Amino acid sequence: MESTFSFLPFKNLESERLLLRQVTNDDVQEVFELRSNPETMKYIPRPLVSNHDEALAHIKMINDKIETNEGINWAVTLKGNNKLLGIVGHYRIQWHNFRSEIGYMFLPECHGQGIATEVIGLLIDYGFNEMKMHSLEAVIDPRNLASGRVLEKNGFIKEAHILENEFYNGEFLDTVIYSLLKKNHNQ
């Protein structure tokens, strides 16, 4: 079953202090900073971006997926400041299973400020209330303890720890899956 839901027109999300808006080519410097930094990419098994052209290609891929209804990403900003602090969204959407994967990454300057917790709350609300998902999942590297804590703060439970299921950069990596069912979410 294909969904009749559409990510267009693009909808901004907001909380008390955050505005989530569409990622644009004007964000190229921050996208480059995010995707080229070994520290922010430490737990994300994808190649580092090495120049602005690759960052622009990443932005194009994000917006192409919105247009084809395959996924949606937002630029995280503080209200009143347009600077991209992170990229968050819904990925690998299984419309027929009413399940979507959430993902997020932030510039190091944002860590420890509660921004991730706040953003995940917005992703949950959008997933359940707009996309009409039944369950959400987050797939993380088990070494990423901060990410696990943020998910648990938002009601996610650890559903599985899969051993050495991904081969990247010459090593086998474990994966942890967290999930949240709509019926278990306090709305």
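Is Val 76 buried or exposed, and what is its relative accessible area? Val 76 is buried, with a relative accessible area of 0%; buried means under 20% relative accessible area, exposed over 50%, and partly exposed in between, with a 1.4 Å probe and protein chains only. The model is predicted: local features need pLDDT of at least 70, side-chain atom pairs count only at pLDDT 80 or more, and totals for chains, interfaces and linings use all residues. Residues are numbered from 1 along each chain as its sequence is written, and side-chain values use heavy atoms, with hydrogens and water left out.

**View 1. The whole chain.** The protein chain has four helices and eight strands, in the order β-β-α-α-β-β-β-α-β-α-β-β along the sequence. Its radius of gyration is 16 Å, close to the 16 Å that the globule rule gives for 187 residues, so the chain is as compact as a globular protein of that length. The radius is taken over C-alpha atoms, and the rule is 2.2 Å times the number of residues to the power 0.38. Helices (H or I, at least four residues) and strands (E, at least two) are DSSP runs, numbered from the N terminus. The C-alpha trace spans about 40 × 40 × 35 Å along its principal axes. Of the 187 residues, 47% count as buried.

**View 2. Val 76 in strand S3.** Val 76 is found in strand S3, residues 72-78. Contact means heavy atoms within 4.5 Å. Not counting residues up to four places away in sequence, Val 76 touches residues including Leu 18, Leu 19, Leu 20, Val 88, Phe 106, Ile 115 and Val 119. Val 76 and Leu 13 are 63 residues apart in sequence and 9.3 Å apart in space, C-alpha to C-alpha.

**View 3. Leu 19 in strand S2.** Leu 19 is found in strand S2, residues 18-21. Leu 19 counts as partly exposed, at 24% relative accessibility. Among the residues that Leu 19 touches, leaving aside those up to four places away in sequence, are Asn 12, Leu 13, Ala 75, Val 76 and Lys 79. From Leu 19 to Trp 74 the separation is 55 residues in sequence and 9.2 Å in space, C-alpha to C-alpha.

**View 4. Helices H1 and H2.** The axes of H1 (residues 28-36) and H2 (residues 52-67) come within 9 Å and cross at roughly 100 degrees. That makes H1 roughly perpendicular to H2, a label for angles of 65 to 115 degrees. Val 28, Gln 29, Val 31, Phe 32 and Arg 35 of H1 meet His 52, Ala 55, Leu 56, His 58 and Ile 59 of H2 in this contact. The buried residues of H1 are Val 28, Glu 30, Val 31, Leu 34, Arg 35 and Ser 36. Their cover includes H2, strand S4 (86-94) and strand S5 (99-106).

**View 5. Aromatic rings.** The structure holds seven aromatic pairs. Rings of Phe, Tyr and Trp (its six-membered ring) pair if their centres lie within 6.5 Å; planes under 30 degrees apart count as stacked, over 60 as edge-to-face and the rest as tilted. Phe 167 and Phe 172 form a tilted pair, 4.7 Å centre to centre and with 55 degrees between the planes. Phe 167 is exposed, and so is Phe 172. One aromatic cluster is formed by Phe 5, Phe 7, Phe 10, Trp 74, Trp 95 and Tyr 126.

Methods. Axes are lines fitted to C-alpha atoms, for helices over the stretch in contact, and angles run from 0 to 180 degrees between N-to-C directions. Angles under 35 degrees count as roughly parallel, over 145 as roughly antiparallel, 65 to 115 as roughly perpendicular and the rest as oblique.
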